Amino acid sequence: MFYENVARLVGASLPARGAIRLPLGNESTILPLISAEDVARIAVGLLTGPGLIAGAAYPVIGSVISIKEIVGVFARVLNRDIHYEEMTDEQWRSEALARGWNAHAVEHLSSLWKSLRAASLSAEAARFAVTDTIEKIGGAKPKTFEQFVREQQSEQAAQPAAARARA
């Protein structure tokens, strides 16, 4: 799951309610995440790197973080009280479709979340771990989720008010 997707999903509920409302299970649910920037670096490394084997698979996880930790990151970066409210898949699906989100994307995300909730029933079941692919092929350590959120906040603060209103 991309950092960018998490930020968009959080942004859909946080301003109006002061809460992150998603159907991700309880706060101990673990998410394997990565930034699009890290994926791009891997792609460049694969396209330009010598000696890489065609058809090989490269696991890419840049961060393994719980819902509770995600809430903590947003609270620190935004310097405000934030909490998590678990909601059902049906509630989220209804709200997302009412906002005009693509029905295929909503169904894809709902299936993904069911899988993530099931994997997080126990720490052993999840088996998520940060991979070294980003550093080995992409040439840099993975961006942390907090770095990403701080960068996004700085970019938003730098935008003129009119541009923020259109976004």
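Helices and strands here are DSSP runs, numbered from the N terminus. The model shown in these views is predicted.

View 1. Searching the whole structure turns up 1 cavity of 30 Å³ or more, and the largest cavity holds about 40 Å³ of space. Around it sit Val6, Val10, Ile20, Leu22, Leu24, Leu31, Ile67, Ile70 and Tyr84.

**View 2. Arg21 and its partner Glu85.** Arg21 and Glu85 pair up through their side chains in a salt bridge, at 3.0 Å from N to O. This one links distant parts of the chain, with Arg21 in strand 1 and Glu85 in strand 4 (residues 83-86), 64 residues apart. Arg21 counts as buried, at 10% relative accessibility, while Glu85 is partly exposed at 28%.

**View 3. Arg21 again, now with Glu95.** Arg21 also forms a salt bridge with Glu95, and the closest N and O atoms are 3.0 Å apart. Arg21 is in strand 1 and Glu95 in helix 4 (residues 89-98), so the pair ties together parts 74 residues apart in sequence. Glu95 is partly exposed, with a relative accessible area of 24%.

View 4. Glu37 and Arg41 make a salt bridge, closest N and O atoms 3.0 Å apart. Both lie in helix 2 (residues 36-48), 4 residues apart, or about one turn of the helix. Shared partners join Glu37, Asp38, Arg41, Lys143 and Glu151 into one salt-bridge network.

Technical notes. Residues are numbered from 1 along each chain as its sequence is written. This is a predicted model: local features need pLDDT of at least 70, side-chain atom pairs count only at pLDDT 80 or more; totals for chains, interfaces and linings use all residues. Side-chain values use heavy atoms; hydrogens and water are left out. On a 1 Å grid over the protein atoms alone, a cavity is a set of points where a 1.4 Å probe fits but cannot get out, and a pocket is an open set with protein on both sides within 12 Å along at least five of seven lines; lining residues have an atom within 4 Å of a point. Grid points are joined across faces, edges and corners, and a volume is the space filled by probe spheres set on the points. A salt bridge is a side-chain nitrogen of Lys or Arg within 4 Å of a carboxyl oxygen of Asp or Glu. Helices (H or I, at least four residues) and strands (E, at least two) are DSSP runs, numbered from the N terminus. Buried means under 20% relative accessible area, exposed over 50%, partly exposed in between (1.4 Å probe, protein chains only).
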